[in-house]
Structure formats: C-alpha cells, structure tokens
Amino acid sequence: MGFFAFLILGLIAGAIAKAILPGRQGGGIFITLLLGVVGAILGGFIGSALFGVGINEFFSLSTWLLAIGGAIVVLLVYGMITRRSVR
C-alpha cells in the first residue's frame, strides 16, 4: 500500500475509532491522523502476529478492521494518558 493511501486509511480509521468510543477525546485532525496511523500499524502488527493477516490492500475488509481495531486500542491508551496528565 502506498504512503498516501496509508495516511488516508489512518485518518479514516482514527475518525471511526473516535466515533465508536464514547466520551471526549482531546486532539484535532492531526492527532486523529497520528493515532489512526499508529493504530493501523499496531493493528497490522497484531493481525499478522496472531492471525497471519496484515495490512496489504486498501480495499480489503481485513485491512480496515485491523486498522480500526488498532486505532481504538491506541485511542484508549491515549485517553488514559491524557486523562492522568490533566488531573
């Protein structure tokens, strides 16, 4: 997958992860992109390690599910870190 396709995937996966998770998560579009890309990398790594499926094609359902799942995990961790630093 190309660099720009991976950025678009990360942006969309981060936005979907923010929509799925309840509550207020800080950060704007740049944080969403960054967390989505990191989540896509994490999802691809976990998917290839556990299931033998990685992030290969942009229009593959497994790619999107792994990217969104990874973005949710990264967003949860980011929320725990920012919640602690605010208090």
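Helices (H or I, at least four residues) are DSSP runs, numbered from the N terminus. The model here is predicted, so local features need pLDDT of at least 70, side-chain atom pairs count only at pLDDT 80 or more, and totals for chains, interfaces and linings use all residues. Residues are numbered from 1 along each chain as its sequence is written, and side-chain values use heavy atoms, without hydrogens or water.

Start with the helix pair. Helix α1 spans residues 3-20 and helix α2 spans residues 29-50. Their axes (lines fitted to C-alpha atoms over the stretch in contact) come within 7 Å and cross at roughly 105 degrees. That makes α1 roughly perpendicular to α2 (65 to 115 degrees on a 0 to 180 scale between N-to-C directions).

Now the contact, meaning heavy atoms within 4.5 Å. From α1 come Phe6, Leu7, Leu9, Gly10, Leu11, Gly14, Ala15 and Lys18. From α2 come Ile29, Thr32, Leu33, Gly36, Val37, Ala40 and Ile41. These residues divide into 10 nonpolar, 4 polar and 1 charged, with Gly counted as polar.

Turn to the surface. Ile8, Leu11, Ile12, Ile16, Ile20, Ile29, Phe30, Leu34 and Val38 form a nonpolar patch (over 30% relative accessible area, no salt bridge, side chains joined within 5 Å). Together they have about 790 Å² of accessible area (Shrake-Rupley, 1.4 Å probe). A salt bridge puts a side-chain nitrogen of Lys or Arg within 4 Å of a carboxyl oxygen of Asp or Glu. α1 gives the most, with 5 residues. Val38 lies in α2.

Conventions: Helix = DSSP H or I, 4+ residues; strand = E, 2+ residues; numbered from the N terminus. Parallel < 35°, antiparallel > 145°, perpendicular 65-115°, else oblique. Patch = residues over 30% accessible without salt bridge, like charges linked within 9 Å, V, L, I, M, F, W, Y side chains within 5 Å.
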